[in-house]
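Please have the structure open as you read.

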Amino acid sequence: MELNIRKYIDEEITKEEALELCQLKGSKLLELFNVANEVREKYCGNKIETCTITNAKSGKCSEDCKFCAQSEKYNTCIETYPLKDLEILENECKEAIAHNSDRFAIVTSGKGIQKGTKDYETIKKFAEDMSKENIEICCSIGLLNEDELKTLREAGVVRFHSNLQTSIKAYKDIVATTHNVLDRVETIKAAQKVGMKVCCGGIIGMGETWEDRIDMAFTCKELGVDAIPLNILNPIKGTPHGDREILSVDEILKTIAIYRLILKDKNIKVVAGRESILKDFMGNAFLAGANGLMIGGYLTIKGRSVEDDFKFIENLKKIWES
């Protein structure tokens, strides 16, 4: 019997059905993209969600995530520095506001920024100051407990970011010894408990199976997260994944589309790799279910100019609304 993809516009998709879609090719693959775009429009409308991050504390991370340039265990020759001064962070946030970004996130290397440290107090003060402005304040500062998250929520942090990176089953293959995936799950649940929204996704292209990708999507659904960033591995020399083959465009777009069918009303963001790997096909990601992007660059990789991204967004809206 021929697969009926259009039924997923209204119906929930099972894990088994999602895995079946992973095998699509040719005209059925194009149909999948079209259906995912319809699902995006029905449940999310025609708004592109934008966020800006600052690499607020770079490198010398104790963790052994195999994909990451910031681990102290690998020789990647990145710039390293302690937490930026409060004034610098606030000026960067004001610049994001001037660019009409929806959100601004402080991102730090390391296992976590603990309460009582100078870094934690700086981030707390930043949230108190900038939450008064017309932008949503977010943090991606590692593994925190409920008390630490509650204090930040009261200071004005609206959203917390903690990626699963891959399936729970495969997590041990990318973070071997320094922490457990359940540590991340506990942080996500604690953030939700204190009233924060949660941004949680991962990286595709690390050697994971289709089942791993689908499992990660369903875990995000079960956790009830609000946004799912999908990064495309850009292999970094010096890391264990430095020589890995880059994913094909059709596989990337297929992943985005299936995620949209699973996570119908969520913000699915195409993050690192959209310019450098998708290249000429970057716009296709937003015609296959995506509805969010990061502007102004990533952590250790430079992105496009903000002006180019907003021109892209305006042109995309014209296509969506035509």
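## Salt bridges and buried residues

E128 and K124 sit four residues apart, about one turn, in helix α4 (residues 118-130); helices (H or I, at least four residues) and strands (E, at least two) are DSSP runs, numbered from the N terminus. This is a predicted model, in which local features need pLDDT of at least 70 and side-chain atom pairs count only at pLDDT 80 or more, while totals for chains, interfaces and linings use all residues. Residues are numbered from 1 along each chain as its sequence is written, and side-chain values use heavy atoms, with hydrogens and water left out.

The side chains of E128 and K124 are joined by a salt bridge (3.1 Å, N to O). The term stands for a side-chain nitrogen of Lys or Arg within 4 Å of a carboxyl oxygen of Asp or Glu. In total, the structure holds 23 salt bridges. Here are three of them:

| Pair | N to O distance |
|---|---|
| E128 and K124 | 3.1 Å |
| K197 and E136 | 3.4 Å |
| R274 and D309 | 2.7 Å |

For K197 and E136, the partners come from strand β5 (residues 197-199) and strand β3 (residues 136-140) respectively, so the pair ties together parts 61 residues apart in sequence. Both residues also belong to a network of salt bridges that links E49, R103, E136, R159 and K197.

R274 is in helix α10 (residues 274-278) and D309 in helix α12 (residues 306-321), so their bridge ties together parts 35 residues apart in sequence.

How accessible are these residues? Buried means under 20% relative accessible area, exposed over 50%, and partly exposed in between (1.4 Å probe, protein chains only). R274 is buried at 0%, and D309 is buried at 0%. E136 is buried at 15%, whereas K197 is partly exposed at 34%. E128 is partly exposed at 28%, and K124 is partly exposed at 22%.

Next comes R184, a residue of helix α7 (residues 181-193). R184 is buried, with a relative accessible area of 13%. Its side chain makes a polar contact with the side chain of Y171 (2.6 Å); such a contact is a pair of N or O atoms within 3.5 Å where, within protein, one must be able to donate a hydrogen and the other to accept it, and residues adjacent in sequence count only if both atoms are side-chain atoms.

Finally, L32 lies in helix α2 (residues 26-44) and is buried at 0% relative accessible area. Setting aside residues up to four places away in sequence, L32 touches I5, L21, L24, K254, A257, I258 and L261, contact meaning heavy atoms within 4.5 Å.
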